[in-house]
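This report describes the overall build of a protein and then turns to a single residue.

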Amino acid sequence: MEKIMVSEYVSIGELVRITGCRYSTLKFYTEEGLLYFEQEEENLTRRFPREKTLRRIAEIKELREKGKSIPDIKQILETNI
């Protein structure tokens with residue numbers, strides 16, 4: 001876990017371990033464009049910038065706790081960029 005916490009980039013599996021979110025939830029957020037990632041080629045693992053992604057997941061969790069829908073969250077996050 002220490003190695004993950006100092007890495008600049010993490011995989012979605014590592015994000016699951018760090019955040020406690022379900023894999024399917026993080027994959028859904030990624031597919032909805034809520035989480036930014038890098039992928040050098042089509043078959044390579046997606047790499048998420050750790051700090052930026054952890055902040056984004058915390059924002060999403062907070063908005064979900066306030067009862068916001070995914071479309072609402074997308075709009076809110078886009079205006080905060």
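In which helix is Ile76 found? Ile76 lies in helix α5, which covers residues 70-79, where helices (H or I, at least four residues) and strands (E, at least two) are DSSP runs numbered from the N terminus. This is a predicted model, in which local features need pLDDT of at least 70 and side-chain atom pairs count only at pLDDT 80 or more, while totals for chains, interfaces and linings use all residues. Residues are numbered from 1 along each chain as its sequence is written, and side-chain values use heavy atoms, with hydrogens and water left out.

The protein has five helices and two strands, arranged along the sequence as α-β-α-α-β-α-α. Its C-alpha atoms fill a box of roughly 35 × 30 × 25 Å along the principal axes. Further values for the whole protein are set out below.

| Property | Value |
|---|---|
| Buried residues (under 20% relative accessible area, 1.4 Å probe, protein chains only) | 26% of the 81 residues |
| Accessible surface (Shrake-Rupley method, 1.4 Å probe) | about 5,800 Å² |
| Part of that surface belonging to carbon and sulfur atoms | 46% |

Among contacts (heavy atoms within 4.5 Å) between residues at least 6 apart in sequence, 48% join residues at least 24 apart.

Once neighbours within four places in sequence are left aside, Ile76 is in contact with Leu63 and Lys68. The C-alpha atoms of Ile76 and Ile60, which are 16 residues apart along the chain, are separated by 9.8 Å.

Definitions and conventions:
Buried < 20%, exposed > 50% of the residue type's maximum accessible area, 1.4 Å probe, protein only.
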